[in-house]
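Thank you all for coming.

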Amino acid sequence: MDLLHASLSTILTVPLLAQQTAFLLDGATGILLGVVISCLLIATGAGQILRRQPDSSVNPAIVQAFIRRVRAWWLMTAILAVTFTIPSPVATVILFFLISFWALREFITLTPTRLGDHRTLFWVFFVLTPAQYVLVAMGQSQYELFSILIPVYGFLFIAARIAVAGDYKRFLERIAKIQAGLYICVYSLSYAPALLYLTDWTDPEYSTKSTAGLLFYFLLVAQLSDLLHFVCSRLLGKNVIAPNINASRTWEGFFAGTGVTAVVGAMLSLTGATPFNPWQSAVMSIVIAVMGAAGSMAMSAIKRDRGVQDYGTLVEGHAGVLDRIDAICFAAPVFFHLTRYYFTTAGG
Amino acid sequence: MKFNFTGPFLAGLAKVVAGSSVRWVDCHPDTCQRIYFANHTSHIDAVIIWASLPKHCRELTKPVAAKDYWDRGWFRRYLARSLNALLIDRENIKVHRSPVESMLKEIGDKYSAIIFPEGSRNDGTTLRDFKSGLFYLAKKRPDLELVPVYVDNMTRILPKGEYLPVPLLSRVIFGPPIWLENGEPKTDFLVRAREAVSRLRDV
């Protein structure tokens, strides 16, 4: 399915309102991409070495999970790199729209709805979700509507539409489920491609650069912090945060992982792909790491409640999209707003 | 057979809309003559099952549909033809033209068919009792493999009375074939067939 997304976004390159006609892949983003590919090569090598070791102390299931993760990252990097070479950010917006659509599908499939919700769901999938991404593609001029469409109009509409459908059983619960799905899978995620449209940087030097680097940096730090939390929990974990939700996430892993993410984030700023200096980048990385961990915990809680291991168990042969993007969903809006407020003139 | 573009297109569309993942449990796709019998929860069940078959099987499989509905207007007729559908006359049933007879005549010794022995759509939670058509099919053609199919979550994608689908994820599960045992009474067989379908829900 991911490949389908990629090829779709390659085809659908109709520039809706292309503000940037230059290629998104510029020098700084190229360096960042190079760093990522080197890291992936190292990770792939490490995975293969771990797998070949017959009597290693590492659990083979964990090695397998690691290898699968690395493969998913390769795919994500490839898709992003391809979308960045398309001379319009609209390709990336379409890519994220498709990811949102798929994630929402997993979310709603997993959380039971009633027949009375059918028409509402139709609106959510085919009107609100595309509308949100159209607003993203219209850029900063539509910032205000983009940032309130779903939490203001969408949420009120959902409540009213379900009431009109006439089924009052577990009414509040059903509104909440659909709203949460829309908020996490569509609204929050749409802030990631919205990063591409940030303009009016306070740092004049960054204005000449492609914002693709910023998006790439964000995704990279989010994925990396997820991995570092996992690895640090394995290495020094003692106090599990919430054993009923995720038995492998510990406070030690959380703090150590966030710390390492901050260091890596500071170093990534040296590529010049972001408007941040090293310490600003470190702070931003901490924010992404904390929000990412929060997202993973919250999404795990939903999965535990529904009694599934991961969202991928719904569709055999596919990894769940939602499992891959849970950290991004929570971190994207916060990262976007902090960047917009402190690094562009729009924030004052 | 002339090359047909609409068929593969509809199959692709159905798969995208219903996001179906397909599983074969103790059963493999095969071009031998079969009757696929499934639970019925939505208009698009037949299309989804048909689309879930690999292409070479799909070309030899006819979803069974109601003639009074699919024979109305050129568009429905065109769709029915693209899907290779086998239209059954529900209104004009006579002894020498029973649905089972006409079905057997149409599939000949080449085609497989997809049928819904519940007769009409269930509410998605429980299977209705099976009608006797499946039994007579099995009795007249004991050589046909009867393959149970369970379609999951389709009610939520397109419930009864709705005409717009919501693109949730669904599952299509094919189970191990069954046959009519020698001298097995009708009711026993139908109960067994129904269980063969409902058992697939939990795999």
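**Burial, cores and spaces in a predicted model**

Chain A has 348 residues, and 51% of them count as buried. Please keep in mind throughout that this is a predicted model. Chain A contains 13 helices and two strands. If we take the contacts in chain A between residues at least 6 apart in sequence, 75% of them join residues that are at least 24 apart.

Let me turn to two of these helices. Helix H4 of chain A covers residues 90-110, and its end C-alpha atoms are 30 Å apart, which agrees with the 30 Å that its 21 residues should span at 1.5 Å a residue. How many of the 21 residues of H4(A) are buried? The count is 20 of the 21, so H4(A) is largely enclosed by the rest of the structure.

Helix H2 of chain A, residues 27-52, has 26 residues and reaches 37 Å from its first C-alpha to its last, close to the 38 Å expected at 1.5 Å a residue. The buried residues in H2(A) are Ala28(A), Thr29(A), Leu32(A), Leu33(A), Val36(A), Leu40(A), Ala43(A) and Gly47(A).

Once residues up to four places away in sequence are set aside, Ser225(A) touches Thr261(A) and Ala289(A).

In soluble globular proteins, nonpolar side chains tend to be buried together. In this model the largest nonpolar core has 113 residues, and those with the most contacts inside it are Leu215(A), Tyr217(A), Phe218(A), Ile325(A), Phe335(A) and, from chain B, Ile49(B). Which element gives the most to this core? The answer is H4(A), with 13 residues.

The structure holds one cavity of 30 Å³ or more, and about 50 Å³ of space lies in the largest cavity. Its lining is made up of Leu135(A), Val136(A), Gly139(A), Gln140(A), Tyr143(A), Phe146(A), Ala194(A), Tyr197(A) and Phe336(A). Helix H5 (118-137) and helix H6 (143-165) of chain A are the elements that give two or more residues to that lining. Sorted by class, the lining of the largest cavity has seven nonpolar residues, two polar ones and no charged ones.

The second largest pocket has a volume of about 1600 Å³. It is lined by 50 residues, and those nearest its centre are His40(B), Val64(B), Ala65(B), Ala66(B) and Phe116(B). H1(B) supplies the largest share of this lining, with five residues. By class, the lining of the second largest pocket divides into 35 nonpolar, eight polar and seven charged residues.

Leu87(B) lies in strand E4, residues 86-88, and its contacts beyond four places in sequence are Ala65(B), Ala66(B), Lys67(B), Trp70(B), Asp71(B), Ala80(B) and Glu106(B). Leu87(B) and Lys67(B) are 20 residues apart in sequence, while their C-alpha atoms are 4.7 Å apart in space.

Glu106(B) is found in helix H6 of chain B, residues 99-107, and counts as partly exposed at 38% relative accessibility. Not counting residues up to four places away in sequence, Glu106(B) touches Lys62(B), Leu86(B), Leu87(B) and Tyr111(B). Glu106(B) and Lys62(B) are 44 residues apart in sequence and 9.3 Å apart in space, C-alpha to C-alpha.

Terms used. Residues numbered from 1 in each chain as written. Chains lettered and ligands numbered in written order. Predicted model: local features only at pLDDT ≥ 70, side-chain atom pairs only at ≥ 80, totals over all residues. Heavy atoms only, no water. 1 Å grid on protein atoms, 1.4 Å probe; cavity = no way out; pocket = protein on both sides within 12 Å on 5 of 7 lines; lining within 4 Å. Points joined across faces, edges and corners; volume = space filled by probe spheres on them. Helix = DSSP H or I, 4+ residues; strand = E, 2+ residues; numbered from the N terminus. Nonpolar A, V, L, I, M, F, W, Y, C, P; charged D, E, K, R; others polar. Expected span 1.5 Å × (residues − 1). Buried < 20%, exposed > 50% of the residue type's maximum accessible area, 1.4 Å probe, protein only. Core = buried A, V, L, I, M, F, W, Y, C linked by side-chain atoms within 4.5 Å. Contact = heavy atoms within 4.5 Å.
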